[in-house]
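Good morning, colleagues. Please look at the structure on the screen while I take you through a few of its details.

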Amino acid sequence: MPAIRRTATRFLSLALAASLAMPMTLAAQQPAHADAGFQRWVQSFKATAAKNGISGRTFDRAFRNVRDIDPEVLEKATYQPEFTAPVWDYFDNRINEHSVGVGRQMARQWKPWLDRIEKAYGVDRNILLAIWSMESNYGEILKNDKVMRNVVRSLATLAYADKRRAKFGRDQLIAALKILESGDIDESHLSGSWAGAMGHTQFIPSSYLAYAQDADGNGKRDIWNSVPDALATAANLLRKNGWQSGQTWGYEVTLPEGRKFPGGSISLGKWNELGVTRANGKPFPRGNQNAELKLPDGRGGPAFLMTKNFFVIKRYNNADKYALAVGLLADQIAGYGPTVKDWNRPFTRLSFEETQELQKRLTMNGYYDGKIDGKIGESSRAAIRAFQERRGLEADGHPSKEVLTTLRGR
């Protein structure tokens, strides 16, 4: 789920509990009153929109079918996987045979455009493909009506009914209305996530206004329907935030035992003097380049020295796990292997196909009724726990080889 940027980054800290202007139970008991209050708010907001250059015609068209708040937006505002999922869970769901394979397929399919975009913006094509995967599963999420929703309604809901995000909702709603005013997209196609992130590369409206590109030259900056526009827009964001062309995002490293390390950024040469070496045994190519040590899974898991480009990726989404997942997925799309050291996963990992098989077998046995997508979310974990409890196993909910073997034996 996209995070809100600080001008460039998408909305942060979405994991905080929503503070509603009206309790959901009260709203449910008094729907007519709640709808009337929302409609009064919409009419009062029209003056704010006008002060920001939005015509009355555009405003009325945008709100023509928006009659009440979207309660699902308020529910989704309380959960953000970048900040709540275990390290191994987060990466397993995003970097697997499927995401890598489709990324390589897309690299071939869109090669002429990727050639142009990489030349124009200087951003590694594999980074753009990884962002596309992370944000919308290479556009597949845009086909899901359960995920995509009316951006105007979503942002108006946050502005009206979520005290913590009211300012964000108002600011992004104005930006969304400016997009409609520009004519790049019409109100019937202005769709996005619950937080208003839009298109293949999931830009919130203010970031769209700052970075959107018309790469295909049709006169519209259409990140919803044009893959070239969407990838060029992502490249433009990274370039304008300091992307260093021809350089990596970081290195997996091996740490010497029993040594403490300084915080902050120092040169790769100095890291090497402290006994920190690349995990693949190769030398650092630029000894004078600064890098910062990150241990996302503690001293027992993979360690990384992050260079400037890692922090540029964080301008897209300000979460270390997000930026690291983009970098690792990009490397594998490019043909490099996985991390040398594995995560501290408390079970034997399944392949993507095995994870799908796990979900199918749980479905066949009546434990799971969700999507067979090879991604382990809360519904999959709940199904695994239910199966483990029934079989007298430790109910940890892990999608392990052991659970799949037990299911196969039924």
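Leaving aside its neighbours within four places in sequence, which residues is N236 in contact with? They are Y121, A210, Y211 and Q213, where contact means heavy atoms within 4.5 Å.

A word on the basis of these values. This is a predicted model, in which local features need pLDDT of at least 70 and side-chain atom pairs count only at pLDDT 80 or more, while totals for chains, interfaces and linings use all residues. Residues are numbered from 1 along each chain as its sequence is written, and side-chain values use heavy atoms, with hydrogens and water left out.

N236 lies in helix α13, residues 227-240; helices here are DSSP runs of H or I with at least four residues, numbered from the N terminus. Its relative accessibility is 1%, so N236 counts as buried, the cut-off being under 20% relative accessible area with a 1.4 Å probe, protein chains only. The N236 side chain also reaches the backbone oxygen of Y211 at 3.0 Å.

I turn next to helix α10, residues 151-161. Of its 11 residues, 9 are buried, so α10 is largely enclosed by the rest of the structure. Among them are V151, L155 and L158. At the start of α10, a side-chain oxygen of N150 comes to within 2.8 Å of the backbone nitrogen of V152.

Finally, a helix pair. The axes of α7 (residues 97-109) and α16 (residues 320-333) come within 9 Å and cross at roughly 60 degrees, the axes being lines fitted to C-alpha atoms over the stretch in contact, with angles from 0 to 180 degrees between N-to-C directions. From α7, S99, V100, G103 and R104 make the contact, and from α16, L329, Q332 and I333.

Key: Helices (H or I, at least four residues) and strands (E, at least two) are DSSP runs, numbered from the N terminus. Buried means under 20% relative accessible area, exposed over 50%, partly exposed in between (1.4 Å probe, protein chains only). A polar contact is a pair of N or O atoms within 3.5 Å; within protein, one must be able to donate a hydrogen and the other to accept it, and residues adjacent in sequence count only if both atoms are side-chain atoms.
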